[in-house]
Amino acid sequence: MSDLSADGALIAANIETVKQRMAAACARVGRAPESVTLLPVTKTVLAERLRAAYAAGGLRQCGENKVQEAREKAEALADLDLSWSVIGHLQTNKAKYVARFADAFQALDSLKLAEALERRLEVEGRTLDVFIQVNTSGEESKFGLEPSAAPAFAQALAPFERLKVRGLMTLAIFSAEEAAVRACFRRLCAVQAEIREATPGAQVDELSMGMSGDFEWAIEEGATLVRVGQAIFGPRPLPDEHYWPGLGSKREKETP
Ligand SMILES: *Cc1c(COP(=O)(O)O)cnc(C)c1O
C-alpha cells in the first residue's frame with residue numbers, strides 16, 4: 001500500500017469511528033442514528049488526500065470554510081461524486097462561485113447575500129440548500145444573526161425561489177465548559193422553535209451544530225448535522241483564527 005492509500009484508509013476508518021461515536025450519542029438520548037448526518041470538514045486537507053479517502057470508500061461530502069479553497073478542490077476532484085458544502089462566511093462578491101459548484105451554503109446571515117446568491121443561481125440554473133447562521137455564543141468574532149433576528153430573517157427568505165432553506169447553523173462558544181457549550185446548542189433549538197411558531201410550515205428541520213470537540217454534546221442537544229474536521233483528518237496546520245478572524249482566545253479544548 002502506498003502512503004497515500006494508507007492515509008485514505010486511515011481517514012475512512014476515522015470517519016467510521018466518528019460515526020460510531022455519533023450513534024452512541026444518539027443512543028444516550030433515545031434518538032435514531034439515522035437522524036444525524038456527518039459532514040466531514042476538509043479545510044486545509046490536500047485534494048490528493050481527499051481523493052485517497054474517497055477511493056477508500058469513506059468520503060462523499062466535503063465541508064469547506066473558504067470558498068476559494070473549496071473551488072480549487074472541487075475543480076481538482078470534479079471527476080469524483082463528491083458534494084460540497086461551504087460552511088464559512090461569504091463576501092457578496094464571491095456569491096457567484098458558491099452558486100456554481102456548491103450544493104449547500106451554511107453561513108447565510110444577510111439579505112444582501114441572499115439576493116446575490118439568488119441572482120447568481122438564476123444565471124447558473126441551479127438551486128442551493130441554505131442554512132441560516134445564528135450567533136448563539138454572543139462572541140463578536142463569530143458571524144451569524146442575533147437569535148432575536150432569526151425569525152424575521154427566515155420569513156424574509158421565503159420569496160427566494162432558488163434558496164432552499166434547510167435549517168439553522170451555529171458555532172458554540174470557544175470554551176472547555178460543557179454547560180456553556182451546551183447552552184449555545186439549546187439556544188439554536190429555541191430559535192428553531194421560534195421560527196416554527198412565527199412561520200408555521202417553515203422548513204428549518206436541520207440543526208447544524210457540533211464540531212470535533214463537541215459533536216456528542218450537540219447530538220444530545222438535538223443536532224441533525226455535525227461538522228467534523230480534525231477528528232477525521234488530524235490536527236490542522238493553521239490556527240482557527242485564520243478561519244474566524246478576530247477570534248481572541250484560542251479554543252481551550254483539545255481535539256484528538
Ligand atoms: C473548521 C470548522 C469546523 C470543524 O472544526 P473541527 O474542529 O476541525 O472539527 C466546523 N464548522 C466550521 C464552520 C468550521 O470552519
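View 1. A polar side-chain atom of N65 lies 2.6 Å from an oxygen atom of the ligand. Backbone atoms take part as well: an N or O atom of the G229 backbone lies 2.8 Å from a ligand oxygen, and a polar backbone atom of Q230 is 2.8 Å from an oxygen atom of the ligand. The protein covers 99% of the 380 Å² of accessible area that the ligand has on its own (Shrake-Rupley method, 1.4 Å probe; for residues, only the protein chains shown count as cover). This is a predicted model, in which local features need pLDDT of at least 70 and side-chain atom pairs count only at pLDDT 80 or more, while totals for chains, interfaces and linings use all residues. Residues are numbered from 1 along each chain as its sequence is written, and side-chain values use heavy atoms, with hydrogens and water left out.

**View 2. The shell around the ligand.** Of the 13 residues around the ligand, K43, N65, S212, Q230 and R236 come nearest (a residue is near if one of its heavy atoms lies within 4 Å). By class, the shell has six nonpolar, four polar and three charged residues (Ala, Val, Leu, Ile, Met, Phe, Trp, Tyr, Cys and Pro count as nonpolar, Asp, Glu, Lys and Arg as charged, and the others, Gly among them, as polar).

**View 3. The salt bridge between E216 and R21.** The side chains of these residues meet at 2.9 Å, N to O (salt bridge: a side-chain nitrogen of Lys or Arg within 4 Å of a carboxyl oxygen of Asp or Glu). E216 lies in helix 8 (residues 215–220) and R21 in helix 1 (residues 3–28), so the pair ties together parts that are 195 residues apart in sequence (helices are DSSP runs of H or I, at least four residues, numbered from the N terminus). E216 is partly exposed at 22% relative accessible area, and R21 is partly exposed at 26% (buried is under 20%, exposed over 50%, partly exposed in between; 1.4 Å probe, protein chains only).

View 4. R182 forms a salt bridge with E220, the closest N and O atoms being 2.6 Å apart. The pair links helix 7 (residues 178–198), which holds R182, to helix 8, which holds E220, 38 residues apart. R182 counts as buried at 13% relative accessibility, whereas E220 counts as partly exposed at 22%. A network of salt bridges links R28, E178, R182, R186, E220 and E221.

Note on methods:
A polar contact is a pair of N or O atoms within 3.5 Å; within protein, one must be able to donate a hydrogen and the other to accept it, and residues adjacent in sequence count only if both atoms are side-chain atoms. Helices (H or I, at least four residues) and strands (E, at least two) are DSSP runs, numbered from the N terminus.
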